[in-house]
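Got the model loaded and a selection box ready? Let's walk through it stop by stop.

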Amino acid sequence: MLIFLGTLFEPYFGPFRLLTSHLFLLLLGASGAFFVTWFILPATYGWLPNDRGRANTVNGRESRGKPTGAGIVFISVCFIIAACVMPPEPEHYFLICLTWLTMLTGFLDDKSTRPWGELLKGSLDLFLAIAAALILTWHYVPVIWLPFTVTVVHLSRFWFCILATAIIWGTINTTNCSDGVDGLSGSLTGIAGSFLAVLLYVIIGHVEISQYLKIPYSSTAASWAICLLTFLGGLGGYLWYNAYPSSVLMGDAGSRALGFLLGVSLLKTGNPFILIVTGSLLWLNGGAGLLKLVFLRLFKIHLFRNIRCPLHDYFRHVKGWSNTQVVIRFMLLQVLLTGILFIILLKVR
């Protein structure tokens, strides 16, 4: 919408051309989402549901009674602002609508007096993942570029939908499983999303740089980076109040929507292996718990019998780390691992 206004009014007043700049829209979306979330979130505490606490988690009782489901606030703020600052790409509008719907399913679970079962939540996640996969293949045949080589693989729409569905479903649930310590899931998601945004905006969305690094160029990558950073800006506004000791929790409404957004962003890069690079610790932390649960439910096999999952609970319960130690150490490891793997992925080709 803002690009349209910039194009319309630039002939009459030159500064309106800023509204046609991707960089300006990116900064406007991220900062706008941050400040709007930061300003209005405390005013919503009264009508948000209260966390019920989880007695089986370390310090779980400390969360009891706090307002939760704050994802409905900052995801909705980001949805509106992203719709304004994004270049007019119909595919992206559909995807942010699905992001909002993912948030809504999580919020209804947060609000319910009886938590939804794993089957219901998993089925809803699967439906949303399939819908996103179909949208991503609507106008073009997917191309996957592989690490450590210049090889490009052309997948059929069917196999890409299978791969995309698995990735999005997995990121929704691993991000949700990482949400158990004040500021942890949001911080790790922010780091992973920031690296993805740099990759999309600076490299894949730039003709010359993508050619130099032998990575397939995407004309829509920069547009999606604007959307992604807008949501990360709103996440930052939420983290202002979620830093330990938190005054509000994002609940499934926030963690599931952010996981969906990260899954779509991974697929927009054209390389599913980016999942390991940009958020290795996020996926490992939540993925260990998810894998343990899947094997237990489906095969009655106890994986990692001596390791408490998710891993942040293991380090708090077994190693005695404080919440602050968990967040800071996990963040440091994620930044270091992502930085090293990011450079290796781009340069060793």
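Lining residues have an atom within 4 Å of a point.

One more bit of housekeeping. This is a predicted model, so local features need pLDDT of at least 70 and side-chain atom pairs count only at pLDDT 80 or more, while totals for chains, interfaces and linings use all residues. Residues are numbered from 1 along each chain as its sequence is written, and side-chain values use heavy atoms, with hydrogens and water left out.

**The whole thing**

Start zoomed out, in cartoon view. The protein has 14 helices and 2 strands; these are DSSP runs (helices H or I, at least four residues; strands E, at least two), numbered from the N terminus. The radius of gyration is 20 Å, close to the 20 Å that the globule rule gives for 349 residues, so the protein is as compact as a globular protein of that length. That radius is taken over C-alpha atoms, and the rule is 2.2 Å times the number of residues to the power 0.38. Along the principal axes, the C-alpha atoms fill a box of roughly 60 × 45 × 35 Å.

Colour by accessibility next: 52% of the 349 residues count as buried. Buried means under 20% relative accessible area, exposed over 50%, and partly exposed in between (1.4 Å probe, protein chains only). Contacts here are heavy atoms within 4.5 Å. Among contacts between residues at least 6 apart in sequence, 73% join residues at least 24 apart.

**Into the core**

Select Ile-168, Trp-224, Phe-231, Tyr-238 and Phe-260. In the largest nonpolar core, which has 84 residues, these five touch the most other members. Helix H9 (residues 221-242) gives the core its largest share, 12 residues. A core of this kind is a set of buried Ala, Val, Leu, Ile, Met, Phe, Trp, Tyr and Cys residues joined through side-chain atoms within 4.5 Å.

Now centre on Ile-168. What is it in contact with, leaving aside neighbours within four places in sequence? Ala-129, Ala-132, Phe-260, Gly-263, Val-264 and Leu-267.

Helix H4 (90-111) and helix H5 (118-136) each supply at least two of the lining residues. The lining divides into 2 nonpolar, 2 polar and 4 charged residues, where Ala, Val, Leu, Ile, Met, Phe, Trp, Tyr, Cys and Pro count as nonpolar, Asp, Glu, Lys and Arg as charged, and the others, Gly among them, as polar.

Of its 22 lining residues, the closest to its centre are Tyr-140, Tyr-217, Ser-218, Thr-220 and Lys-268. H4, strand S1 (143-145) and helix H10 (251-268) are the elements giving two or more residues to this lining, and S1 has the largest share, 3 residues. By class, the lining has 13 nonpolar, 6 polar and 3 charged residues.

Then pick His-92 in helix H4. Buried or exposed? His-92 is buried, with a relative accessible area of 0%. Beyond its neighbours within four places in sequence, His-92 is in contact with Met-86, Thr-220, Ser-223, Trp-224 and Lys-268.

Jump to Cys-84 in helix H3 (residues 71-85). Cys-84 is partly exposed at 24% relative accessible area. Its C-alpha atom is separated by 5.9 Å from that of Leu-2, 82 residues away along the chain. Setting aside neighbours within four places in sequence, Cys-84 is in contact with Met-1 and Leu-2.

Finish with torsions:

- Tyr-244 to Pro-245: the peptide bond is cis, with omega near -5°. Pro-245 is in the loop between H9 and H10.
- Phe-148: phi is near 65°, a positive value in a residue other than glycine. Phe-148 is in the loop between S1 and strand S2 (152-154) and counts as exposed at 52% relative accessibility.
- Lys-214: phi is near 60°, a positive value in a residue other than glycine. Lys-214 lies in the loop between helix H8 (207-212) and H9.

Note on methods: 1 Å grid on protein atoms, 1.4 Å probe; cavity = no way out; pocket = protein on both sides within 12 Å on 5 of 7 lines; lining within 4 Å.
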